[in-house]
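I opened this notebook to keep track of what I looked up in one protein model, entry by entry. The order is my own, from the whole chain down to single residues.

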Amino acid sequence: MTRTGHRDRENKYEQTTNNRRAPIILTADDIAQGKESYWSELEISGLVRNLSPQLWSFTHLTGLYLNDNNLTKLSPDIAKLEHLILLDLSNNKLRSLPAEIGELIMLRELYLNHNNLRQLPYELGRLFQLQQLALKGNPLTQELLVIYNEQNGVQKLLTYLLDNLQVPDMQPPTRPWLTMAEPTPIHHVSNVFTVMCYNVLCDKLASRQLYSYCPSWALSWDFRKNVIMKEIKQYDADIICLQEVESGQFESFFLPELKISHYYGIFSPKSRAKTMNEQERKRVDGCAIFFKTEKFELVNEHLMEFTFLAAQTADGEGSEEMLNRVMPKDNIGLVALLKTRKVEIDVSEKSSEFENMQPFESQPLVVCTAHIHWDPEYCDVKLIQTMLMMRELQKFIDQSATMFNLSTNTEKQVDPNSIPLIICGDFNSLPDSGVVEYLSRGRISVEHPDFKKLAYKLCLRKVCPVVDQNEKEYTHPFDIVKAYADGVLPFTNYTFDFRGVIDYIFCSQRLFSVLGVLGPLDTKWFSKHRIPGCPHHYIPSDHFPIVAELELLTKKSMAELEKQKQQQEKNNLENKSGNKNNNSGNNSNGHVRR
């Protein structure tokens with residue numbers, strides 16, 4: 001029998017009521033009119049002792065009422081009803097619950113009043129969406145009763161059970177390395193390096209309130225920091241860009257730990273840190289850039305505070321939106337101007353590999369990392385923060401080019417693409433967003449829907465003074481490309497409520513060759529182990545690190561690549577010509593192509 005409503009909510013915890021709901025029965029006229037019945041809830045009652053195995057085939061059920069029967073056990077097959085939101089087992093004779101009940105992660109209401117339960121399976125703690133848990137009338141142990149009867153006892157009991165659940169041996173599989181291209185034959189080893197981008201999830205956000213599917217011990221910084229560092233060192237990137245690093249963590253953990261592996265790093269917290277005392281500042285997160293000192297030298301650094309940049313543009317039409325929507329979001333970007341160093345190699349051991357290697361020539365390199373605002377309702381803020389970032393990068397590169405005498409003419413005009421540029425970050429934006437469109441294409445319509453039709457135009461002319469002659473597009477001058485092609489990664493952020501690609505590595509298209517990227521974690525691992533989201537026992541953040549191997553191209557390398565490209569095109573033409581001749585010969589011999 002289906003139920004059309006729920007019982008008296010005042011008595012959910014104290015007693016089980018058995019107010020029958022009238023079934024909805026289709027009349028002959030209903031059937032004649034083509035109406036169909038759909039039942040998402042099922043009630044079975046009548047002192048039932050055993051349940052038919054066929055019940056577990058009704059996987060569409062969202063509500064199952066098995067109360068007021070004589071059930072002594074519950075089949076592990078209950079886990080097949082994965083869409084259950086409500087399960088009522090009150091007034092039975094259950095002595096235990098199967099561990100598989102913990103797989104019903106959509107469950108919000110569970111009624112177990114008046115059974116014979118002494119213990120609860122620790123797997124019950126996995127029901128992180130559970131809001132109502134009725135246990136009255138069971139001979140539970142004193143330990144469980146004390147927790148349950150506390151204020152907010154349901155959540156405390158679920159936390160206790162999950163924290164004591166034995167961790168299964170289910171290490172995630174190794175992520176594959178995807179080779180995209182080979183280095184140019186004449187490359188110098190100093191010009192090939194790897195870049196990592198990783199949001200490590202700051203400690204203050206790693207809470208049971210946000211990640212209730214993860215045990216509290218696995219959310220603690222003392223546990224996560226070691227897993228994070230193990231992952232960072234595992235990939236051994238030459239440049240590491242991190243987001244959500246807390247100020248105290250940078251000084252006490254990341255900087256000394258990575259110094260052991262010969263990294264040096266720079267860091268800045270979000271703008272709010274300026275208004276806080278020393279103790280409070282330690283909890284403010286920000287961005288960090290680390291690099292191997294044997295490969296790079298720090299020349300200059302620059303902090304981009306989007307709060308202050310937004311305030312500078314707020315003048316005239318659109319200033320209200322800029323001040324009220326963009327300025328309060330104190331996200332930041334951090335920039336480092338590096339210079340490549342010659343990597344010493346033992347040529348005697350691999351002389352054949354390096355016999356064509358060009359002489360080393362130190363080159364400048366700009367690395368930027370940013371953490372853009374998170375809220376999906378503020379897509380306009382994300383886009384404007386990105387535009388502010390690109391404007392600041394242009395100013396920084398203008399200054400850097402002067403330092404390296406890279407002006408293109410006597411008037412000291414600088415080609416923005418004269419210095420290799422790498423941009424890494426958590427942009428909190430999907431591949432089809434205005435943010436990614438603007439970065440990838442170098443332009444975006446002034447009427448793009450992500451601006452939400454708000455009056456930003458006059459303000460944004462200061463940020464993007466270069467628009468097309470019809471003033472229909474905002475532009476930036478950098479020719480950059482994503483290191484990861486679309487579709488390579490199914491997600492870089494994986495939680496119960498959201499899964500998608502929001503972390504990116506961009507690099508100068510003309511000055512870099514993408515040699516390879518770190519591939520995705522096998523999605524079958526998540527489904528096999530029914531992992532609702534991250535962080536997890538073995539995954540310390542809700543983000544996954546992304547890594548790319550790049551070759552910094554010199555003029556000789558670019559000429560070599562162009563030569564290879566022309567040769568490839570020539571080979572393709574010859575292959576096409578050869579195929580045509582073969583087809584002609586086949587047809588002359590009477591063969592028919594199907």
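**Entry 1: the whole chain.** I note at the outset that this is a predicted model. I counted 15 helices and 22 strands in the protein, and I found that buried residues make up 49% of its 594 residues. I then turned to contacts between residues at least 6 apart in sequence, and of these 69% join residues at least 24 apart.

**Entry 2: nonpolar cores.** Which residues touch the most other members of the largest nonpolar core? I found Phe254 and Met389 in that position, in a core of 99 residues. Helix α11, which spans residues 379–403, gives the most to this core, with 11 residues. Apart from it I located another core, of 37 residues, which includes Leu74, Leu94, Leu117 and Tyr148. As background I wrote down that nonpolar side chains tend to be buried together in soluble globular proteins. I went back to Phe254 for its contacts and, leaving out residues up to four places away in sequence, I listed Val200, Trp221, Ile228, Met229, Ile232, Leu242, Val245, Gln249 and Phe290.

**Entry 3: strand β7.** Why does strand β7, residues 192–199, count as largely enclosed by the rest of the structure? The reason I recorded is that 8 of its 8 residues are buried. I kept in mind that side chains in a regular strand alternate between the two faces of the sheet. In β7 both faces are covered, with Val192, Thr194, Met196 and Tyr198 buried on one side and Phe193, Val195, Cys197 and Asn199 buried on the other.

I next looked up the pairing partners of this strand. With strand β22 (residues 546–552), β7 pairs in the antiparallel sense over 6 bridges, and within that pairing I noted isoleucine 546 as the bridge partner of cysteine 197. With strand β8 (residues 239–246), β7 pairs in the parallel sense over 5 bridges, and here I found methionine 196 standing opposite isoleucine 240.

Is threonine 194 buried or exposed? Its relative accessibility is 14%, and because the cut-off for buried is under 20%, threonine 194 counts as buried. Beyond its neighbours within four places in sequence, I recorded contacts of threonine 194 with Asp236, Ala237, Asp238 and Ile239, and also with Val547, Ala548 and Glu549.

**Entry 4: empty space.** I reminded myself that rolling a probe the size of a water molecule over the atoms shows where empty space is left. The largest pocket holds about 1,100 Å³ of space. I counted 40 residues in its lining, and those nearest its centre are Trp374, Pro376, Asn428, Asn493 and Asp542. By class I have 15 nonpolar, 12 polar and 13 charged residues for this lining.

How many cavities of 30 Å³ or more does the structure hold? I found 1, and the volume of the largest cavity is about 50 Å³. Arg175, Leu489, Pro490, Phe491, Thr492, Pro520, Leu521 and Phe544 line the largest cavity, and I divided this lining into 6 nonpolar, 1 polar and 1 charged.

**Entry 5: phenylalanine 496.** I located phenylalanine 496 in the loop between β18 (493–494) and β19 (499–500). With a relative accessibility of 23%, phenylalanine 496 counts as partly exposed. Setting aside neighbours within four places in sequence, I listed the contacts of phenylalanine 496 as Ile105, Met106, Phe128, Gln129, Tyr213, Pro532 and Gly533.

**Entry 6: backbone geometry.** Most residues other than glycine have a negative phi, and most peptide bonds are trans. Against that background I noted that the peptide bond from cysteine 534 to proline 535 is cis, with omega near 10°, and that proline 535 lies in the loop between α14 (523–528) and β22. Asparagine 91 has a positive phi of about 55°; I placed this residue in the loop between β3 (86–88) and β4 (109–111), and at 23% relative accessibility asparagine 91 counts as partly exposed. Asparagine 152 has a positive phi of about 60°, and I found asparagine 152 in the loop between α2 (142–148) and α3 (153–163).

Terms used:
Residues numbered from 1 in each chain as written. Predicted model: local features only at pLDDT ≥ 70, side-chain atom pairs only at ≥ 80, totals over all residues. Heavy atoms only, no water. Core = buried A, V, L, I, M, F, W, Y, C linked by side-chain atoms within 4.5 Å. Buried < 20%, exposed > 50% of the residue type's maximum accessible area, 1.4 Å probe, protein only. Helix = DSSP H or I, 4+ residues; strand = E, 2+ residues; numbered from the N terminus. Contact = heavy atoms within 4.5 Å. Pairing = 2+ DSSP bridges. 1 Å grid on protein atoms, 1.4 Å probe; cavity = no way out; pocket = protein on both sides within 12 Å on 5 of 7 lines; lining within 4 Å. Points joined across faces, edges and corners; volume = space filled by probe spheres on them. Nonpolar A, V, L, I, M, F, W, Y, C, P; charged D, E, K, R; others polar.
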